Amino acid sequence: MPKFLTNPYLLLTLTALFWSGNMVLGRGIRADVPPLALAFWRWAIAFLLVLPLALPHFKAQWPLLKKGWRPVLLLGLLGVGGYNTFAYLALQTTTATNAVLLNSFIPVATIAISWAFLGKRLTPLAATGVVVSLLGALAIVARGELGVLLHLNLNIGDLWMLGAVAVWAIYTVGLAWRPAGVHPMLALAAFTLVGLAALFPAYLWEMAQGRTINVHAGSLLSLAYVGIFPSFVGYIFYNRGVAEVGANKASLFIHLMPVFGTLLSVVFLGEIPHPYHYAGIALIFAGIWLTMKKG
């Protein structure tokens, strides 16, 4: 990995960027790529990419991997088989606004689980940072109007998204139990294999219902993107970031997704930013700065 990519905060920022693109695509191609097909092929592509990097470590570290099969099974089911599948199912019926809003509660859920099961607490300054950044995310999603939040209507898609939030929070905290001494590429390959094994029967069921991929250049390029950046590169960066700064701080970078979502809308959709965008972005960065600040 290049030296400039060893900074955990940069890795977490890039992860948020990749995942923002994933959300945009998940909503945009829902008519051409069914949710379970998108989840399965996303991880199939990621597995093919990570496998050559994992195999050199397999023989020497297989005993460690075998010994830690329980966390490998749990993390694979949650991080690979669960979160993105639930998010893609959510994006079939919920609005992007609702999905981003609910996704912004991942840091809060992560901190709550860390406190309940690991006894970890944030400093008052860091806790203030979490609240400030959450307010920034809400400002962007609500377009600067409280009434937007008050009139959000929850549907089945929102419930899927709440499930995705819970799954990702548990995955983030659960990374603390990943098998010690196992190379990150081998661990990611193991997680991915577990997730694919869980997704495959669901994917077959979806095809049996007559829901198949509408194959064209756009759908194939979308699958390539979600397989390479949000899955392969993004998970490497996120897992490394969590290992370096801890689950609570790492999860806070989820609040950057509304920021990048706004920027991607400007670039690809020609949307013009409004004052509430700038205010929300400023609050998010201020909150992250407070959380990273020591003392």
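Modeller: Contact here means heavy atoms within 4.5 Å, and helices (H or I, at least four residues) are DSSP runs numbered from the N terminus. This is a predicted model, in which local features need pLDDT of at least 70, side-chain atom pairs count only at pLDDT 80 or more, and totals for chains, interfaces and linings use all residues. Residues are numbered from 1 along each chain as its sequence is written, and side-chain values use heavy atoms, with hydrogens and water left out.

Biologist: Which residues of α1 meet Y83, N84, A87, Y88, L91, Q92 and T93 in α3?

Modeller: Helix α1 covers residues 8-28 and helix α3 covers residues 69-93, and their axes (lines fitted to C-alpha atoms, for helices over the stretch in contact) are 9 Å apart. The α1 residues that meet this part of α3 are N22, M23, G26 and R27.

Biologist: How are α1 and α3 oriented to each other?

Modeller: They pack at an angle of about 45°, where angles run from 0 to 180 degrees between N-to-C directions. Angles under 35 degrees count as roughly parallel, over 145 as roughly antiparallel, 65 to 115 as roughly perpendicular and the rest as oblique. The two helices, α1 and α3, are therefore oblique.

Biologist: Is S20 buried or exposed?

Modeller: S20 lies in helix α1, and, leaving out residues up to four places away in sequence, S20 touches M257, F260, G261 and L264. Buried means under 20% relative accessible area, exposed over 50% and partly exposed in between, with a 1.4 Å probe and protein chains only. Because its relative accessibility is 4%, S20 counts as buried.

Biologist: How far from a polar atom of the side chain of S20 does the backbone oxygen of M257 lie?

Modeller: M257 is among the residues that S20 touches. The distance from the backbone oxygen of M257 to a polar atom of the S20 side chain is 3.3 Å.

Biologist: Why are α3 and α8 described by the term they have, and which term is it?

Modeller: The axes of α3 and helix α8 (residues 156-174) come within 8 Å and cross at roughly 160°. The contact includes G79, G82 and F86 of α3 and G157, W160 and A164 of α8. By class, this contact has 15 nonpolar, six polar and no charged residues, where Ala, Val, Leu, Ile, Met, Phe, Trp, Tyr, Cys and Pro count as nonpolar, Asp, Glu, Lys and Arg as charged, and the others, Gly among them, as polar. With that crossing angle, α3 and α8 are therefore roughly antiparallel.

Biologist: Which residues of α10 make the contact with α9?

Modeller: Helix α9 (residues 184-208) and helix α10 (residues 217-245) pack at an angle of about 120°, with their axes 11 Å apart, and α9 and α10 are therefore oblique to each other. From α9 the contact is made by M185, L188 and F191, and from α10 by F232, Y235, I236 and N239.

Biologist: How far apart in space are N239 and L175, C-alpha to C-alpha?

Modeller: N239 is buried, at a relative accessible area of 13%, and, apart from neighbours within four places in sequence, N239 is in contact with Y171, L175, R178 and F191. Although N239 and L175 are 64 residues apart in sequence, their C-alpha separation is 7.5 Å.

Biologist: What is the relative accessible area of Y203?

Modeller: Y203 lies in helix α9 and, leaving aside neighbours within four places in sequence, is in contact with L36, A37, F40 and W41. Y203 is buried, and its relative accessible area is 8%.

Conventions: A polar contact is a pair of N or O atoms within 3.5 Å; within protein, one must be able to donate a hydrogen and the other to accept it, and residues adjacent in sequence count only if both atoms are side-chain atoms.
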